[in-house]
Amino acid sequence: MAKKSTSASGSRAALKAPPRTALKAPAARDFQAQVFARYPVEVASASGVWLMNTRGERILDLYGGHAVAGLGYAHPGWTAALAAQAQLCQFQSNAVAMQVRAKAARRLVRFSKLPFSSVFFVNSGAEANENALKMAFTVTRRSHIAAIEHSFHGRTAATGAITWGAAAKWYGYPRTPFDVSFIPRDDVSAIAAHVTDATAAVIVEPVQGVGGARDLNADFLRALRARCDQVGALLIFDEVQCGMGRVGEPFAAKLFGLQPDMLTAAKSLGNGFPCAALLMTPRVAQALQLDALGTTFGGGPMACAAIEAVIEAIESEQLLARVRHTAAQIRSRCVLGPVLATQGAGLLMGLRTSRPAKEVHAALLERNILAGTSADPQVLRLLPPYVLGDEHVELLRVALLDIGD
Ligand SMILES: Cc1ncc(COP(=O)(O)O)c(C=O)c1O
């Protein structure tokens, strides 16, 4: 039998009540749910890699709204595509054929350079993962999922269940909907005990995002693929954060030379227009039945126009090469001041810091540079737009030097 979870498991006992975090009293007349800690910055507009705050100051954006703004802001091709689609027809559901949807699906499969045969468009990363899990259960008729320690897959009942540490921190549901176990990161010797003939799928972010911009070991990923094949389980790559060009390849699967059975994409997929996709190989797609999966907004024409514009820009502006170049620049020029080392892949980069990453984050923001943090308190996470240039890397270098160690 597959090992039971040490964290978000199917057992009631493992689920602790989420801690009550003290929230500041809502500001007067702020009706927004008080669930997000906010950075001390208020954005009014944005262009390229720059945010403009409400005080009229420019802030260099190395965070891209949680890895979403891959093309940066006010990208002319993307804004024109959305405006044109809004004029043409802003919405029809999947019950009605539309060329823009068919084109987006074809373009996404071709862009992936992987042998997928079907795309199911949805609205968010969690929804894409949720549907991937459902397909894994449908295909294999098994009930266990293996995930990786330090993973993040979303906030729904199913995706929270496969997210490392969610049970202790925020899961909130009385029990998880299926059996889950977590494989220690990069531990090849632990795989066999977790991935057995009870396992429907292994889900993995090949480059972990929230967990600390950590690229997983290629041997570990290869061993996951081999073990899945051995026991008849499916391999799901969650590329919600690391996909769509962010690692300097269309998807991280390509970076590692691996073929997952399913792949999920979101975030930079729409450059800020909410959308996500589940890509399936023929083995998975043959199990699809009418009405098995569904969505109202998924695959809407605005989302599909955004997806096509994103792929068009990545290809025509050679952004994959640019991501590789800029990432190499950061790696070679920005290990100084409080930065001890870099990790991750492409522009999903972690800067390992000598002092708490939060302090470095705040010091950068004082110098009008917005970065991100992660679940690893010593890792500052960079998820900038792909159009970042050498001159912006220089601004980061100077700021880090100024902050000092
Ligand atoms: C790897 C990964 N998977 C899934 C999700 C969930 O995506 P969403 O917030 O769009 O539901 C995230 C969000 O950060 C993510 O980083």
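Modeller: Buried means under 20% relative accessible area, exposed means over 50%, and partly exposed lies in between, with a 1.4 Å probe and protein chains only. This is a predicted model, in which local features need pLDDT of at least 70 and side-chain atom pairs count only at pLDDT 80 or more, while totals for chains, interfaces and linings use all residues. Residues are numbered from 1 along each chain as its sequence is written, and side-chain values use heavy atoms, leaving out hydrogens and water.

Biologist: Is H150 buried, exposed or partly exposed?
Modeller: H150 counts as partly exposed because its relative accessibility is 30%. H150 is in the loop between β5 (144-148) and α5 (157-161); helices (H or I, at least four residues) and strands (E, at least two) are DSSP runs, numbered from the N terminus.

Biologist: What is phi of H150?
Modeller: Phi of H150 is near 75°, a positive value in a residue other than glycine.

Biologist: Where is E205 found?
Modeller: E205 is in the loop between β7 (199-204) and β8 (207-208). Among the residues that E205 touches are H150, F152 and D238, contact being heavy atoms within 4.5 Å.

Biologist: Which residues of α2 are buried?
Modeller: They are W78, L82 and Q85. Seen down the axis of α2, these buried residues fall within an arc of 70°, so they line one face of the helix; the arc is that of the directions from the helix axis to the C-beta atoms.

Biologist: What covers them?
Modeller: The cover includes α3 (99-112) and α11 (301-316).

Conventions: Lists of a residue's contacts leave out its neighbours within four places in sequence.
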